[in-house]
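Subject: Structure handover

Hello,

Here is the structure I promised to pass on. My notes follow it.

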Amino acid sequence: MLEYKFDTQLLIEGHDLDEDVIQDYITSNFKGDCLIAVGDDELIKIHFHTNEPWKVLEYASTLGEIFDIVVENMERQEQGLKG
C-alpha cells in the first residue's frame, strides 16, 4: 500500500515564477513526497506524489496558467490497471 497514491504532474506558465518558492510552499503546506519543481521564471514543471492532488492544482492555478495536467492513481498501476 502506497502512502501517497496520486502522481500529480503539471506545467505552470506565468511571470516571475520561482521554483524554490513554489517547492517550499508545496513542502510546507501539502502532504506528499517525491516533489520536483523545476523550470525558470516563466515555466515550471511540478511532479508530486500526494493524496490530495486538487490542492496542488488549486495552488498552482494562483501562480499562472496550468496545463499538461496528469493525475495518475499509482495504486491502480501497481495492480496492473490503468492509472
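β2 and β3 form a hairpin. Three residues sit between the two strands. Their pairing is antiparallel and runs over six bridges. Within it, glycine 32 stands opposite threonine 50 of β3. Please keep in mind throughout that this is a predicted model.

Cysteine 34 is found in β2. Its phi is near 60°, a positive value in a residue that is not glycine. Cysteine 34 is partly exposed, since its relative accessible area is 43%.

A second residue has a positive phi. This one is aspartate 68, again not a glycine, with phi near 50°. Aspartate 68 has its place in strand β4. It counts as exposed, because its relative accessibility is 54% and the cut-off is over 50%.

Now the overall layout. The protein chain has three helices and four strands. Along the sequence they follow the pattern β-α-β-β-α-β-α. The C-alpha trace spans about 40 × 25 × 20 Å along its principal axes. The radius of gyration is 13 Å. A compact globule of 83 residues would have one near 12 Å, so the value agrees. Buried residues make up 35% of the 83. Take the contacts with a separation of 6 or more: 68% of them join residues 24 or more positions apart.

Next, the core. The largest nonpolar core has 15 residues. Leu10, Ile12, Ile26, Ile46 and Phe48 have the most contacts inside it. Five elements each supply at least two residues of this core: β1 (6-13), α1 (19-29), β2 (32-39), β3 (43-50) and α2 (53-61). Which of them gives the most? It is α2, with four residues.

Isoleucine 12 deserves a look of its own. Set aside its neighbours within four places in sequence. Isoleucine 12 is then in contact with Leu17, Glu42, Leu43, Ile44, Ile46, Ala60, Leu63, Gly64, Glu65 and Ile66. One of these partners, Ile46, is also among the core residues with the most contacts.

On to the aromatics. There are three aromatic pairs. In one of them, the ring centres of tyrosine 25 and tyrosine 59 are 4.1 Å apart. The ring planes meet at 15°, so this pair is stacked. What does the pair tie together? Tyrosine 25 lies in helix α1 and tyrosine 59 in helix α2, so the pair links parts that are 34 residues apart in sequence. The two tyrosines fall into separate accessibility classes. Tyrosine 25 is partly exposed, because its relative accessible area is 35%. Tyrosine 59 has 12%, so it is buried. Tyr25 and Tyr59 form one aromatic cluster together with Phe30.

Last, the end of β4 and what follows it. Asparagine 73 is in strand β4 (residues 65-73). Is asparagine 73 buried or exposed? It counts as buried, because its relative accessibility is 11%. One is to the backbone nitrogen of glutamate 75, at 3.0 Å. The other is to the backbone nitrogen of arginine 76, at 3.2 Å. Not counting residues up to four places away in sequence, asparagine 73 touches Lys5, Phe6 and Gly83.

Glutamate 75 lies in helix α3 (residues 74-78). It too counts as buried, because its relative accessibility is 17% and the cut-off is under 20%. Leaving aside neighbours within four places in sequence, glutamate 75 is in contact with Met1, Leu2 and Lys5.

Best wishes

How values were computed
Residues numbered from 1 in each chain as written. Predicted model: local features only at pLDDT ≥ 70, side-chain atom pairs only at ≥ 80, totals over all residues. Heavy atoms only, no water. Core = buried A, V, L, I, M, F, W, Y, C linked by side-chain atoms within 4.5 Å. Buried < 20%, exposed > 50% of the residue type's maximum accessible area, 1.4 Å probe, protein only. Contact = heavy atoms within 4.5 Å. Pairing = 2+ DSSP bridges. Polar contact = N/O pair within 3.5 Å; in protein donor to acceptor, adjacent residues only side chain to side chain. Phe/Tyr/Trp six-rings, centres within 6.5 Å; stacked < 30°, edge-to-face > 60°. Rg over C-alpha atoms; globule rule 2.2 N^0.38 Å.
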